[in-house]
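Please keep the viewer open as you read.

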Amino acid sequence: VILTYAAIYFAFELMTENGLSNDFSKLNLRMYTYFIINGVLLLFAYPLLFLLEKTFGFTSNVTLVELSNINNDLLRQMSETVPGTFQHSMQVANLAAEAAIRVGAKSQLVRTGALYHDIGKMENPAFFTENQSGGVNPHKNLSYEQSAQVVISHVTDGLKLADKHNLPKAVKDFISTHHGRGKTKYFYPGPNPFTKEQAILMMADAVEAASRSLPEYTEESISNLVDKIIDSQVTEGYFKECPITFKDIATIKTVF
């Protein structure tokens, strides 16, 4: 940056001040000093951004983009430990980001939240169907209460992992809200979504997971599934605490 500034300003000075006289004594050396100071200050942009985020509790797009890099430690560990869940999260991220774009929500925020929403499943991989193989289901050897506790724990375990890896609160909120307070089979993780982005992730997560059980993939079968799941979420009141409209929900259905 310093060299570019200096080269352009030097060319500018040759054209406007010195012409072809080669009288370099007229160069404005003070400006070149400013360029050097400016370049040094740029080195502090990232640490300063980190301090500002921690101090004022916001998460920048720069941080969200860095967190969504699937080569970072936590996501790479997830791809190795729970490959089925990782693929599910990638699909949910794509669905949710596209829906967010269409309804004017923050697509990068919901994409990053989607990538991390199920990290808690790394603690008990085999207890979640997308990671099971060979027809082995460990829930068959547990009581309903024990099964429910394992499933519930993927939310609380996810929050513990998020704290351990210093994920920002904006991302942790997706972990805690992606099932809401409503009854989902055995468990009540809660709380309900309170932002438009969290609502989008909740819908995308439920639709993507349920779509795996469809006997055939046709426009009609997928449309019926999307309508059934999202209408049920609306009826259960999952979205009463977030600023999402019926028009937004109709658009999201179409995207899915």
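Leaving aside its neighbours within four places in sequence, which residues is Ser-153 in contact with? Before answering, please keep in mind that this is a predicted model. Ser-153 belongs to helix 8, which covers residues 144-164. Once neighbours within four places in sequence are set aside, the contacts of Ser-153 are Asn-124 and Gly-158. Is Ser-153 buried or exposed? Its relative accessibility is 12%, so Ser-153 counts as buried, given that the cut-off for buried is under 20%.

Apart from neighbours within four places in sequence, Met-203 is in contact with Ile-230, Gln-233, Phe-239, Ile-244, Ile-249, Ile-252 and Phe-256.

Next, look at how other helices pack on helix 10. Two packed helices are described by the angle between their axes and the distance between the axes. Take helix 7, residues 107-116: it packs with helix 10 at an angle of about 45°, and the two axes are 9 Å apart. The crossing of helix 7 with helix 10 is right-handed. From helix 7, Leu-109, Val-110, Gly-113 and Ala-114 meet Glu-197, Ile-200 and Leu-201 of helix 10. Sorted by class, this contact holds 5 nonpolar, 1 polar and 1 charged residues.

Helix 9, residues 169-177, is our last stop. Its packing with helix 10 has an angle of about 45°, with the axes 10 Å apart. Helix 9 and helix 10 are therefore oblique to each other, and helix 9 passes helix 10 in a right-handed crossing. Which residues meet here? On the helix 9 side they are Asp-173, Phe-174 and Thr-177, and on the helix 10 side Glu-197, Gln-198, Leu-201 and Met-202. By class, the contact of helix 9 with helix 10 has 3 nonpolar, 2 polar and 2 charged residues.

Notes. Residues are numbered from 1 along each chain as its sequence is written. This is a predicted model: local features need pLDDT of at least 70, side-chain atom pairs count only at pLDDT 80 or more; totals for chains, interfaces and linings use all residues. Side-chain values use heavy atoms; hydrogens and water are left out. Contact means heavy atoms within 4.5 Å. Axes are lines fitted to C-alpha atoms, for helices over the stretch in contact, and angles run from 0 to 180 degrees between N-to-C directions. Helices (H or I, at least four residues) and strands (E, at least two) are DSSP runs, numbered from the N terminus. A crossing is left-handed if the near helix is turned anticlockwise from the far one by less than a right angle, and right-handed if clockwise. Ala, Val, Leu, Ile, Met, Phe, Trp, Tyr, Cys and Pro count as nonpolar, Asp, Glu, Lys and Arg as charged, and the others, Gly among them, as polar. Buried means under 20% relative accessible area, exposed over 50%, partly exposed in between (1.4 Å probe, protein chains only). Angles under 35 degrees count as roughly parallel, over 145 as roughly antiparallel, 65 to 115 as roughly perpendicular and the rest as oblique.
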